[in-house]
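Colleague: I would like to learn how to read this model feature by feature. Please give me the general idea each time, then the case at hand.

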Amino acid sequence: QVQLVESGGGLVQAGGSLRLSCTASGNFFRIFDMGWYRQAPGKERELVADMSLGGSTNYADSAKGRFTISRDIAKNTVWLQMNGLKPEDTAVYSCSARCQISISELRQYWGQGTQVTVSS
């Protein structure tokens with residue numbers, strides 16, 4: 001079993017910043033990809049940013065230049081620094097981790113989600 005615990009969401013004015021944090025714990029050998037997704041009301045969940053074990057990153061176009069993902073592999077923790085927030089960034093942000101749970105099995109796990117609300 002793997003648990004992801006997120007923190008850092010909240011209410012912020014447009015132009016402000018928030019930093020999300022997510023730590024994984026439980027039974028796994030290692031984590032390959034860790035990242036952040038978000039889902040706004042009435043919309044599908046979308047990737048915001050993720051980072052591979054080797055440090056490669058992917059960002060949604062909407063996040064490029066404003067958000068920065070970082071990761072501490074030893075601490076099984078990933079952060080998302082969000083600057084220049086816009087009302088359209090309002091969503092539930094969820095952490096994701098693709099974990100190796102056995103010699104031959106990878107499985108993706110999700111956090112419970114943290115609400116980010118950006119007021120105009």
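Modeller: Start with the polar contact: a pair of N or O atoms within 3.5 Å; within protein, one must be able to donate a hydrogen and the other to accept it, and residues adjacent in sequence count only if both atoms are side-chain atoms. Here, the side chains of Asp89 and Arg38 form a polar contact of 2.9 Å. This is a predicted model, where local features need pLDDT of at least 70 and side-chain atom pairs count only at pLDDT 80 or more, while totals for chains, interfaces and linings use all residues. Residues are numbered from 1 along each chain as its sequence is written, and side-chain values use heavy atoms, with hydrogens and water left out.

Colleague: Is Asp89 buried or exposed?

Modeller: First the scale. Buried means under 20% relative accessible area, exposed over 50%, and partly exposed in between (1.4 Å probe, protein chains only). Asp89 counts as buried because its relative accessibility is 1%.

Colleague: Where does Asp89 sit, and which residues is it in contact with?

Modeller: Asp89 sits in the loop between E8 and E9. Those labels are DSSP runs, numbered from the N terminus: helices (H or I) have at least four residues, strands (E) at least two. Contact means heavy atoms within 4.5 Å. Leaving aside neighbours within four places in sequence, Asp89 is in contact with Arg38, Arg66, Phe67, Gly84, Val116 and Val118.

Colleague: Val116 and Val118 belong to which face of E11?

Modeller: They are on the covered face, along with Thr114. The uncovered face of E11 holds Gln115, Thr117 and Ser119.

Colleague: How do I read strand pairing?

Modeller: Strands of a sheet pair through backbone hydrogen bonds, either parallel or antiparallel. The criterion is that DSSP finds at least two bridges between the two strands. E11 shows both senses. Strand E2 (residues 10-13) runs parallel to E11, joined by four bridges, and Val12 has Val118 as its bridge partner there. E9 pairs with E11 in the antiparallel sense, over three bridges. Within that pairing, Tyr93 has Thr114 as its partner in E11.

Colleague: What is the strand order in the open sheet?

Modeller: The order is E1-E3-E8-E7, four strands with antiparallel pairing. E1 and E7 are the edges, each pairing on one side only. On average, neighbouring strands are turned by 15° against each other, direction ignored. The angle comes from axes, which are lines fitted to C-alpha atoms (for helices over the stretch in contact); angles run from 0 to 180 degrees between N-to-C directions. Six bridges link E1 and E3, and Gln3 stands opposite Ser25 of E3.

Colleague: Now the core. What should I look for?

Modeller: In soluble globular proteins, nonpolar side chains tend to be buried together. A nonpolar core is a set of buried Ala, Val, Leu, Ile, Met, Phe, Trp, Tyr and Cys residues joined through side-chain atoms within 4.5 Å. The largest one here has 31 residues, and Trp36, Leu80, Met82 and Tyr93 have the most contacts inside it. E9 gives the most, with five residues.

Colleague: What about backbone angles?

Modeller: Most residues other than glycine have a negative phi, and most peptide bonds are trans. Asn76 has a positive phi of about 55° although it is not a glycine. Asn76 lies in the loop between E7 and E8 and is partly exposed at 22% relative accessibility.
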